[in-house]
Amino acid sequence: MMTDDALLLGGVRFTNRLFTGTGKFAANSQIPKMLAASGSQMITVALRRIDAQAKQENILEFIPKTVTLLPNTSGARTAEQAVRIARIAREAGCGDFIKIEVITDMKYLMPDNWETLKATEILAKEGFFVLPYVLPDLPLAKRLENAGAAAVMPLGAPIGTNRGLETRPLLELLIENCTVPVVVDAGIGRPSQAAAAMEMGADAVLVNTAIATAADPEAMGRAFDLAVRAGRIAYLARLAEESSLARASSPLTGFLDEEQSV
Amino acid sequence: MEIIVNGVTETVSPCTIAELAEGRGLATGALVVELNQQIIKQEQWSQVCLKTGDRLELLSFVGGG
């Protein structure tokens with residue numbers, strides 16, 4: 001059962017179910033170290049106007065060619081803008097994967113599910129492997145599937161909050177009912193929360209802030225890798241049932257000094 | 001002539017995309033160019049002359065989640 005537990009996504013076989021991001025690292029040089037330590041095989045990047053004042057490092061040079069790029073459409077406020085960014089990313093050689101991220105609410109950074117669906121419909125027809133970042137809403141997830149999404153990426157908590165699986169009951173609905181992979185994205189702050197998502201049956205998790213802003217991103221990448229693996233193995237091993245009453249683990253018979261009534 | 005670079009109207013002498021990028025000291029490896037919402041590949045930068053009113057976007061990939 002455990003011999004081939006790879007995740008197939010967009011024709012790529014991922015043997016590691018921890019997706020990572022390149023945002024918020026103190027230095028780009030930490031990224032390849034984190035990738036090596038975590039074993040992550042997919043990583044996000046963003047597209048922005050150049051900043052003439054800033055140091056011009058090409059972030060793509062810090063990502064080994066063996067790691068699949070997942071450009072995001074952050075900064076897009078409409079489906080049209082997301083589509084434009086996706087096309088630019090593909091033309092620029094970043095491959096066919098795209099994380100649709102359309103945000104109009106700048107206070108909580110909640111994804112705009114409607115614009116995201118529109119962008120997914122357009123880009124899936126253009127042959128993109130679309131990974132839409134959404135609020136966990138089951139009817140929307142089914143619409144995304146029908147639109148040709150390669151996966152759905154519901155949030156656990158708002159971006160960068162590190163609060164974990166606040167949307168847990170809704171995530172469970174998606175995991176139980178979606179035919180495409182479910183990748184829990186955003187809000188995961190601790191390895192134990194990543195493990196919990198995987199125990200629930202999530203197909204993968206995407207973690208950026210919690211790794212990039214840890215005091216030691218390399219070690220934290222490794223911790224998340226272990227947690228994701230543990231959670232996945234636990235899910236496949238089928239968790240034992242919960243019970244409100246205690247159930248003894250040791251036999252309740254054969255105690256010392258017990259009167260035998262033969 | 002006037003062109004719009006990353007949303008800012010600028011007066012520049014007639015030039016190709018390659019010349020403009022070189023003049024600004026932009027590292028070509030990291031640069032992604034969109035002209036009037038058309039992506040221009042690096043091989044074409046030296047062949048595309050900028051015209052008055054062009055909207056040029058000079059972009060690059062950055063860290064993001």
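Two strands pair if DSSP finds at least two bridges between them. Helices (H or I, at least four residues) and strands (E, at least two) are themselves DSSP runs, numbered from the N terminus. With those terms, chain A shows an open sheet of three strands in the order E6-E7-E8, with parallel pairing. Strand E6 (97-100) and strand E8 (153-154) of chain A form the edges; each has a single partner strand, so one side of each lacks a neighbour in the sheet.

The model is predicted: local features need pLDDT of at least 70, side-chain atom pairs count only at pLDDT 80 or more, and totals for chains, interfaces and linings use all residues. Residues are numbered from 1 along each chain as its sequence is written, while chains are lettered from A and ligands numbered from 1 in the order in which they are written.

Consider chain A as a whole. It holds eight helices and 10 strands. Its C-alpha trace spans about 90 × 40 × 40 Å along the principal axes. Of its 262 residues, 45% are buried. A residue is buried if 20 or more other C-beta atoms lie within 10 Å of its own, exposed if 12 or fewer, and partly exposed in between, with C-beta atoms placed from the backbone. Two residues are in contact if their C-beta atoms, also placed from the backbone, lie within 7 Å. Take the contacts in chain A between residues at least 6 apart in sequence: 64% of them join residues at least 24 apart.

Return to the sheet. Four bridges join E6(A) to E7(A), and the two run parallel. A:Phe97 stands opposite A:Phe129 in E7(A). Between these strands the chain passes through H3(A), and this β-α-β crossover is right-handed. That term applies if, with the strands pointing away from the viewer, the path from the first strand over the helix to the second runs clockwise. In a regular strand the side chains alternate between the two faces of the sheet. Both faces of E6(A) are covered. A:Phe97 and A:Lys99 lie on one side, A:Ile98 and A:Ile100 on the other, and all are buried. On the E8(A) side, strand E7 (residues 129-134) of chain A pairs through two bridges, again parallel. There A:Tyr133 stands opposite A:Met153.

Now the crossover helix. Helix H3 (residues 113-125) of chain A has 13 residues. From first C-alpha to last it reaches 19 Å, close to the 18 Å expected at 1.5 Å a residue; the expected span is 1.5 Å times one less than the number of residues. Its buried residues include A:Leu117, A:Ala119, A:Thr120 and A:Leu123. The cover over the buried residues of H3(A) includes helix H2 (79-91), E6, E7 and helix H4 (138-146) of chain A. Just after H3(A), A:Gly127 takes a positive phi of about 85 degrees.

One residue ties these parts together. A:Val130 lies in strand E7 of chain A. It counts as buried because it has 31 C-beta neighbours inside 10 Å. A:Val130 and A:Ile98 are 32 residues apart in sequence, yet 5.2 Å apart in space, C-alpha to C-alpha. Leaving aside neighbours within four places in sequence, the contacts of A:Val130 include A:Ile98, A:Ile100, A:Thr120, A:Leu123 and A:Ala149.

A further pairing leads towards the partner chain. Strand E4 (residues 42-49) of chain A and E5(A) pair in the parallel sense over four bridges. A:Ile43 stands opposite A:Leu69 in E5(A). From strand E5 (residues 68-71) of chain A, A:Thr68 and A:Leu70 point one way and A:Leu69 and A:Pro71 the other; all are buried.

A:Leu47 stands opposite B:Phe61 in E5(B). Overall, 26 residues of chain A are in contact with 20 residues of chain B. On the chain A side, E4 and H2 are the elements that give two or more residues. The largest share, six residues, comes from E4(A).

Chain B has one helix and five strands, in the pattern β-β-α-β-β-β along the sequence. Its C-alpha atoms fill a box of roughly 40 × 25 × 20 Å along the principal axes. Of its 65 residues, 25% count as buried. Among its contacts with a separation of 6 or more, 61% come from residues 24 or more positions apart.
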